[in-house]
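Me: Please take a close look at a single part of this model, the sheet and the helices around it. I would like one connected account of how the pieces are arranged.

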Amino acid sequence: MEKTAFVTGGSRGIGRAVVRRLAGAGYAVGINYLQSRTAAEDLAAEIRVQGGRALAVQADVADRAAVRAAIEQAVEALGPIALLVNNAGIAQNDLFQDMPEELWRRMFAVHADGAFHTIQAILPRMLHEKEGCIVNVSSIWGLRGAACETAYAASKAALIGLTRSLAAELAPSHIRVNCVAPGVIRTDMVEALGEETIASLAEQTPAGRLGTPEDVAKAVAFLAGPEADFITGQVLTVDGGFIL
C-alpha cells in the first residue's frame, strides 16, 4: 500500500534528493517549499511523469498556520502522512557579538519551531493509528558546535534534543523519531564558499570527499524503512568521518 511522506524544504539540495529517493521507494510526496516554487513544481511534475504522485505546497515552516494549511492540502491530495522529514533550513555565518536578534530568532523559528509546527500537525493521526515515522535533519554542527555559526549550531542542537525526547515519548505508540546529522554536503550553500575552501574541506574529511545530497537521502530513506523498525531516538551522522 502506498504511503505518503511530507518533506519540508524539499525543492532544492538535500530536500530534493530526499524527495526523489522517497518517490523511488514508492511514497507519494508532499514537497514543501518557501520561495523556490518553480523548482518544487518541476520536481513534482518529474515524479508524476515517472508514475508517482507528488504535490508542491508552499509554506514558511516558522508560520504555524501556514504549515497546518500546507499539510492539510497535502493530506487531501495524497492521503494521510506516514513519514515526516523536517529538512527546511537556513544558513548563518556571523560573529556572535555582532549577530542581530532577528537572525538568532529566525534560526530557531525555522529549525526548532518549524519541526514543532509540522510534528504537532501530523501527530494526531499517527497517534490514532499507532504508527508513523519522523526524521529530523540536523547537522554535525549541532553535535560539535561551530565558530561563527552559533545560532545555526544551537538551533540544530535543539532539533537533536527534540528528536531524543520525542522518541522516548512516542515509542509506546509505535512512532519512531530519528535524526540525520549531515556533514559538509556539496549543496548551493557550500558551492558559494569557492573551490579553494571546498578542496580544504574535502581534505579534512577522512573519506576524502564532500558528501552529496544523495548520501543524506540514503540515510533518511534507511531510517524511514522497515530495516530500521527497531531504531528510534538516534542521530545518524553522515559526514565521511569529518568529526571523528
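**The sheet and its helices**

Reply: In this predicted model, Ala 5 stands opposite Val 29 in β2. The two strands involved, β1 (residues 4-7) and β2 (residues 28-33), pair in the parallel sense over four bridges. They belong to an open sheet of seven strands, which runs in the order β3-β2-β1-β4-β5-β6-β7 with parallel pairing. At the edges stand β3 (54-58) and β7 (235-238), each of which has a single partner strand, so that one side of each is left without a neighbour in the sheet. On average, and with direction ignored, neighbouring strands of this sheet are turned by 20° against each other.

Among the helices that pack on the sheet, α3 (residues 64-78) touches β1, β2, β3 and β4 (81-86), and its direction makes about 165° with that of β3. Helix α4 (residues 101-129) packs on the sheet through β4, β5 (132-137) and β6 (175-182), its direction making about 165° with that of β4.

The crossing in which α1 passes α9 is right-handed. On the α1 side the contact is made by Gly 13, Ile 14, Ala 17, Val 18, Arg 21 and Leu 22, and on the α9 side by Pro 213, Glu 214, Val 216, Ala 217, Lys 218, Val 220 and Ala 221. Sorted by class, this contact of α1 with α9 has nine nonpolar residues, one polar residue and three charged residues.

Technical notes:
Residues are numbered from 1 along each chain as its sequence is written. This is a predicted model: local features need pLDDT of at least 70, side-chain atom pairs count only at pLDDT 80 or more; totals for chains, interfaces and linings use all residues. Side-chain values use heavy atoms; hydrogens and water are left out. A crossing is left-handed if the near helix is turned anticlockwise from the far one by less than a right angle, and right-handed if clockwise. Contact means heavy atoms within 4.5 Å. Ala, Val, Leu, Ile, Met, Phe, Trp, Tyr, Cys and Pro count as nonpolar, Asp, Glu, Lys and Arg as charged, and the others, Gly among them, as polar. Two strands pair if DSSP finds at least two bridges between them. Axes are lines fitted to C-alpha atoms, for helices over the stretch in contact, and angles run from 0 to 180 degrees between N-to-C directions.
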